[in-house]
Structures are given as structure tokens and as C-alpha cells.
Amino acid sequence: MQKLLNISQFCNSMDLAPVIIFCYNRLNETQQTIQALKENYLSEKSILFIFSDGPKKFKDHAKVKEVREFLQTVEGFKSIEIVKSKENNGLAQSIISGVSQVIEEYGKVIVLEDDLITSPNFLDFMNQALDFHQDSEDIFSISGYTMDLPSLKDYPKDYYVGYRASSWGWGTWREQWEKVDWEVSNYSGFKWNLAEQLKFMRGGSDLPRMLSKQMNGKIDSWAVRWCYDQFKRDMYTVFPSTSKVVSIGFGEDATHTKDTNRFDTILDQGEQRDFEFEAETKIDKILAKEFRKKFSFKNRLLEKITL
């Protein structure tokens with residue numbers, strides 16, 4: 001296992017990735033997200049971009065205004081830039097365009113939405129993983145979130161790798177982001193290819209159906225297109241063995257998150273700041289099976305019945 005520089009050496013010798021937060025009309029969640037990020041060990045050394053989407057409906061104007069008034073009070077970061085959209089772009093377009101804008105200049109990014117609570121060492125893990133894997137040919141993204149998988153309770157490593165990217169606190173590099181085919185131009189061949197669909201389901205049996213809904217205009221998801229691109233390129237995501245992110249995005253104003261307890265996890269309460277990674281990418285088959293099970297048809301059906 002290869003160890004990075006210790007944390008003081010790392011902070012002094014490496015450029016930290018800029019952090020992006022995408023927000024809309026949820027004041028309470030936005031406040032919690034930014035406060036938790038502010039309590040990160042590396043917050044004062046990190047550049048923060050905040051993209052505030054415009055109101056979709058007239059009734060949203062007041063809530064968006066509330067959020068934007070709060071954003072003007074945010075401090076505690078190396079620098080802060082707030083980008084306010086006059087129009088409502090929706091989450092997918094906001095993320096695609098916002099990340100593209102920042103990553104073009106900085107080469108890498110760490111991304112949060114307005115309903116994610118981070119542990120104080122979230123930025124440590126993300127920056128160290130981004131730095132370590134910058135030149136890895138098979139790593140697609142870094143996730144700060146991990147599900148509560150049974151085998152992680154006594155897992156000896158700081159990380160594991162998986163087939164499916166997470167949209168709950170993630171990071172990537174310009175080289176990977178700019179290659180994504182957001183139009184999914186090869187979908188016509190994929191949708192009739194059973195072998196390919198089964199392979200795509202290594203990350204969860206819900207993925208082909210979600211992609212179909214995206215391509216038929218029933219949903220507007222940047223994340224499923226991102227996951228599909230990862231699958232087509234046969235790449236992996238690095239996850240922490242203890243989650244650095246939990247979601248609070250299940251309120252009445254949530255637009256893309258459904259009520260669920262499948263993704264409940266335990267936020268890292270430790271003080272670890274140095275993390276170790278290995279250059280060799282190796283899937284842990286037990287963890288991959290437990291990960292996939294979270295998205296199984298049976299678990300999804302049981303959840304609908306019990307919630």
C-alpha cells in the first residue's frame with residue numbers, strides 16, 4: 001500500500017481542488033451543507049464556487065431569494081464565487097455546465113449538492129485521492145460517500161473501488177469529465193444488447209431502466225449518463241471505507257431524491273487525516289455484491305412496500 005505525503009506536506013506542496021456547491025431553494029439544507037463544509041480541516045485553504053439556480057415557478061422566487069441572501073454571508077474559505085442564474089436550468093444542466101466551467105480552469109473539482117453533510121476530513125480524503133489517482137488510467141471518479149455495506153465494518157483499507165459512480169459528494173479530473181458523451185450517442189446499439197445491459201448492471205440492476213427513462217425524456221439525470229459513460233469506458237470509482245458524506249435531501253422541496261432508507265450510512269466521526277491508496281485497481285467481489293444488492297429489484301420493491 002502506498003502512502004501519500006503527510007497532511008502538512010500535502011497541503012504545502014499540492015494545489016487543492018476547488019469545491020463546487022449547487023443549490024436551489026432549500027435554505028435550511030443549504031445552510032447545513034455549507035456549515036459542515038466550513039468545519040472541514042481544509043476549508044480555509046479551499047476555493048469555493050456556489051452555483052445558485054434560478055426559480056422554476058413563481059412560488060419559488062421567495063425561497064431562491066432567501067437562499068441567495070444567505071449565500072452573501074458565507075465566509076471561511078480561501079475565496080468564494082457565487083454564480084446566480086436568472087433562468088432555471090435544472091440540476092442536470094446546472095451541474096454539466098457548472099462543472100465544465102470550473103474544471104476547464106482548475107483541472108479537477110470536488111462537487112456537492114445542497115443537501116449533503118460532510119465529515120471534517122472529507123476534503124482531506126477527496127484531495128488526497130484525487131492527487132494519488134490523477135494519472136490512473138482506470139479511475140473515473142472519487143466518491144466521498146459510501147453505503148453502509150456489511151463487510152466495511154471491519155475493512156482494513158481506507159478505500160475500496162466500485163463499478164458505479166456516486167453523485168453524493170464526488171470529485172474528478174478534466175481529462176475524464178471532458179470525454180463524457182452527454183448525448184449517449186451509442187444508445188441505439190446498447191438498448192438491444194442484452195450482454196451489455198447485464199454488464200452495466202454490475203453497478204445495480206436499476207441502471208439500464210434509468211438510462212432508458214433518460215433517453216425517452218421521462219427523467220433528466222446527468223448522473224445516469226455519467227455512470228453509463230464510466231461503464232462504457234470500463235473504469236472505476238474510489239470510495240472511502242467509512243463515509244465522509246450523508247444526505248439530508250429527503251424533505252418536501254427535494255426534486256430528485258425519493259424517500260428511502262437503503263442509503264442510510266454512518267458519517268465518519270474519526271480524526272484521521274492521512275489516507276493510503278494502492279496503484280493497482282482490484283475489485284473486492286464481496287463488496288461489489290453487497291453494493292449491487294442495495295439496488296436489487298427485491299430491495300427496491302420491499303422499500304416501496306414498507307415506506
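A: The mean pLDDT of the protein is 92, and 89% of its residues reach 70 or more; pLDDT is the predictor's confidence in each residue, on a scale from 0 to 100. This is a predicted model, in which local features need pLDDT of at least 70 and side-chain atom pairs count only at pLDDT 80 or more, while totals for chains, interfaces and linings use all residues. Residues are numbered from 1 along each chain as its sequence is written, and side-chain values use heavy atoms, with hydrogens and water left out. One stretch needs caution: over residues 253–257, pLDDT stays under 50. For those residues the model has 10 contacts beyond four places in sequence, where a contact means heavy atoms within 4.5 Å.

Now the overall picture. The protein has 12 helices and 12 strands; these are DSSP runs, numbered from the N terminus, with helices being H or I over at least four residues and strands being E over at least two. Of its 307 residues, 53% count as buried. Here, buried means under 20% relative accessible area, exposed means over 50%, and partly exposed is in between, using a 1.4 Å probe and protein chains only. The protein exposes about 15200 Å², and carbon and sulfur atoms supply 48% of that. These areas come from the Shrake-Rupley method with a 1.4 Å probe, and for residues only the protein chains shown count as cover. What about contacts along the chain? Among those between residues at least 6 apart in sequence, 85% join residues at least 24 apart.

Time for the close look, and V102 is the part to zoom in on. V102 sits in helix α4, which covers residues 90–106. Its relative accessible area is 2%, so V102 counts as buried. Leaving out residues up to four places away in sequence, V102 touches P18, I20, F49, F51 and V109. V19 is 83 residues away from V102 along the chain, yet their C-alpha atoms are separated by 9.3 Å.

F295 lies in the loop between α11 (285–293) and α12 (297–306), and with 8% relative accessibility F295 counts as buried. The C-alpha atoms of F295 and S205 are 6.1 Å apart, although 90 residues separate them along the chain. A279 is in the loop between β12 (276–277) and α11, and A279 counts as partly exposed at 48% relative accessibility. A279 and H133 are 146 residues apart in sequence, and 7.7 Å apart from C-alpha to C-alpha. K157, in the loop between β7 (139–143) and β8 (159–162), is also partly exposed, at 28%. K157 pairs up in this way with P240: 83 residues apart in sequence, 8.7 Å apart between C-alphas.

Next, how do helices meet elsewhere? Axes here are lines fitted to C-alpha atoms, for helices over the stretch in contact, and angles run from 0 to 180 degrees between N-to-C directions. The axes of α2 (residues 27–38) and α3 (residues 61–71) come within 9 Å and cross at roughly 25 degrees. The two helices are therefore roughly parallel to each other. Angles under 35 degrees count as roughly parallel, over 145 as roughly antiparallel, 65 to 115 as roughly perpendicular, and the rest as oblique. L27, T30, Q31 and I34 of α2 make the contact with E66, V67, F70 and L71 of α3.

Compare that with α9 (residues 207–215) and α10 (residues 222–232), whose axes also come within 9 Å but cross at roughly 125 degrees. That pair is therefore oblique. L207, M210, L211 and Q214 in α9 meet V224, R225, C227 and Y228 in α10.

V184 has a positive phi of about 50 degrees although it is not a glycine, and V184 is found in the loop between α6 (174–177) and α7 (187–190). V184 is buried, with a relative accessible area of 2%. D234 has a positive phi too, near 55 degrees, and is not a glycine either. D234 is in the loop between α10 and β10 (236–240), where D234 counts as partly exposed at 36%.
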